[in-house]
Amino acid sequence: MYKCNEDRMKDKINTFSRFGATGNGGITRYSLSEEALQARAEFEKRMEKTGAIIEIDDVGNIYATLEGTDKNAKRIVMGSHADSVKNGGNYDGILGVISAMEVLETIAEQKIPHKHPITAMIWTNEEGSLYPPAMMCSGIVCNDYLPEDIKHNFEYDKMMNSVSIEDRTTTFGEALEKSGYKGNKSYRLSRENALCMFETHIEQGPILEEAGNEIGVVDCVLGMFNQRIKFYGQTVHAGTFPMNKRKDAFFAAAQAILYLHEEIDKLGIKDLVYTTGEVVCHPCVHTCVPDYFDFSFEARHEDAKELEKVLAVVKSCADKEWAGCRCETVPAWNRDTVYWDKKLVGYVEESAKELGVKYQYIHSGAGHDAQFVSYMIPTTMIFVQSKNGLSHCEEEYSDPKHCTDGATVMLNSVLKADVSE
Ligand SMILES: [Zn+2]
């Protein structure tokens, strides 16, 4: 079997870690920022050296393609994102880009024969850190194929008008124009020009490490729902109003969160994860009892029936009064479990087996560009072990050997796809 080069992988990991380095071991590299443009230039420079042709579509996605023996064959694509969250790490997203680059470099260096064109790509603005939402540009490119309830969130015009959360004035469209990366719509990934896509990514969880496995053969992205739980009380003065007469919306929410944890844990659903990650408090002043509080509640699981049970508990909050406050539950959004293409998943497993690395099947709890792409063309993912399961933080780390093995697994999966049709 063909193998990728660990020294070359290390060199790329180190080089890309400099673009947007925070000085604390991580990076802040918002999409289309100065730092992101440095990463893009580095990608193009290295890919041109392999003989790849660079194309850029109208939302800044970059495609570097090595021609195959059949010029009319559809391309096999590998890609991920090069942007990060604020104070993020050196692996989330960029490892998938680096791995795709490594595959092209290995093919070029070892002159590996292939029939289909093979493409390494960068998806623009996956994190949506500066210009929400996340997975913006795969959402635009795959829009025609997305389910109705997701689709409208990613309409082209709407996305171009997405406003920077930092200065509240610059739009994504303006930043794209200014970056010089507004290319041609005809270069977009499509059913017509692409056979399938692979995305390598760090696991972002502790499962592989705890099991002693370095590679995850990913079979799906978990389904999820996201609700807002709202509490309506009465603002009064914090110093003058007796405790027993208050309608404190914050206190109500605190009780409800405890209730949710207790009742949902009682369901005993294996592998369920649920989170309150976002809150709104009004007026959010230390001298005022809050009259309004709301929190997000999202839950993820493969089985829609299990999620239904959790949703029933969440909705039951609205049937009760909490610390004298009225409660309301409002759906924010949800998605069904997205399964990867079985044939491609099989190639990944075969490749991991042939390489002799320890691997296991695993679900993806997080969303990735691959998820939107899978509505359009056959798609799958490869996970690389994350140290201590940490991600979206500066401590994010994956062993260079594991990273290289991940790239090798992708290379051989691509080559299996190449001879399949
Ligand atoms: Zn990512």
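**Close-up views: domain interface and salt bridges**

**View 1. The interface between domain 1 and domain 2.** About 560 Å² of area is buried between domain 1 and domain 2, and carbon and sulfur atoms give 36% of that area. On the domain 1 side, the residues that touch domain 2 comprise four nonpolar, four polar and one charged. The model is predicted. Nine residues of domain 1 contact five residues of domain 2. Three residue pairs are in polar contact across the two domains, with both residues at pLDDT 80 or more. Salt bridges between domain 1 and domain 2 number zero.

**View 2. The two domains in the chain.** Domain 1 takes in residues 6-221 and 338-420. Domain 2 covers residues 223-335. Their C-alpha centres are 35 Å apart.

**View 3. Glu42 and Arg46 in helix 2.** A salt bridge joins Glu42 to Arg46, with 2.7 Å between the closest N and O atoms. Both residues belong to helix 2 (residues 34-49). They sit four residues apart, about one turn of the helix. Glu42 has a relative accessible area of 11% and is buried. Arg46 is also buried, at 13% relative accessibility.

**View 4. Lys416 and Glu354, a link between helices.** The side chains of Lys416 and Glu354 form a salt bridge, at 2.8 Å from N to O. This pair connects distant parts of the chain, 62 residues apart. Lys416 lies in helix 13 (residues 400-420). Glu354 lies in helix 11 (residues 342-355). Lys416 is buried, at 16% relative accessibility, whereas Glu354 is partly exposed, at 46% relative accessible area.

**View 5. Lys401 and Asp405 in helix 13.** Lys401 meets Asp405 in a side-chain salt bridge, at 2.6 Å from N to O. Both residues lie in helix 13. Their spacing is four residues, about one turn of the helix. Lys401 is partly exposed, with a relative accessible area of 38%. Asp405 is buried, with a relative accessible area of 10%.

View 6. The whole structure holds 21 salt bridges.

Notes
Residues are numbered from 1 along each chain as its sequence is written. This is a predicted model: local features need pLDDT of at least 70, side-chain atom pairs count only at pLDDT 80 or more; totals for chains, interfaces and linings use all residues. Side-chain values use heavy atoms; hydrogens and water are left out. Domain bounds come from an automatic or database domain assignment. Contact means heavy atoms within 4.5 Å. Buried area is the accessible area (1.4 Å probe) that two parts lose on being put together, summed over both. A salt bridge is a side-chain nitrogen of Lys or Arg within 4 Å of a carboxyl oxygen of Asp or Glu. A polar contact is a pair of N or O atoms within 3.5 Å; within protein, one must be able to donate a hydrogen and the other to accept it, and residues adjacent in sequence count only if both atoms are side-chain atoms. Ala, Val, Leu, Ile, Met, Phe, Trp, Tyr, Cys and Pro count as nonpolar, Asp, Glu, Lys and Arg as charged, and the others, Gly among them, as polar. Helices (H or I, at least four residues) and strands (E, at least two) are DSSP runs, numbered from the N terminus. Buried means under 20% relative accessible area, exposed over 50%, partly exposed in between (1.4 Å probe, protein chains only).
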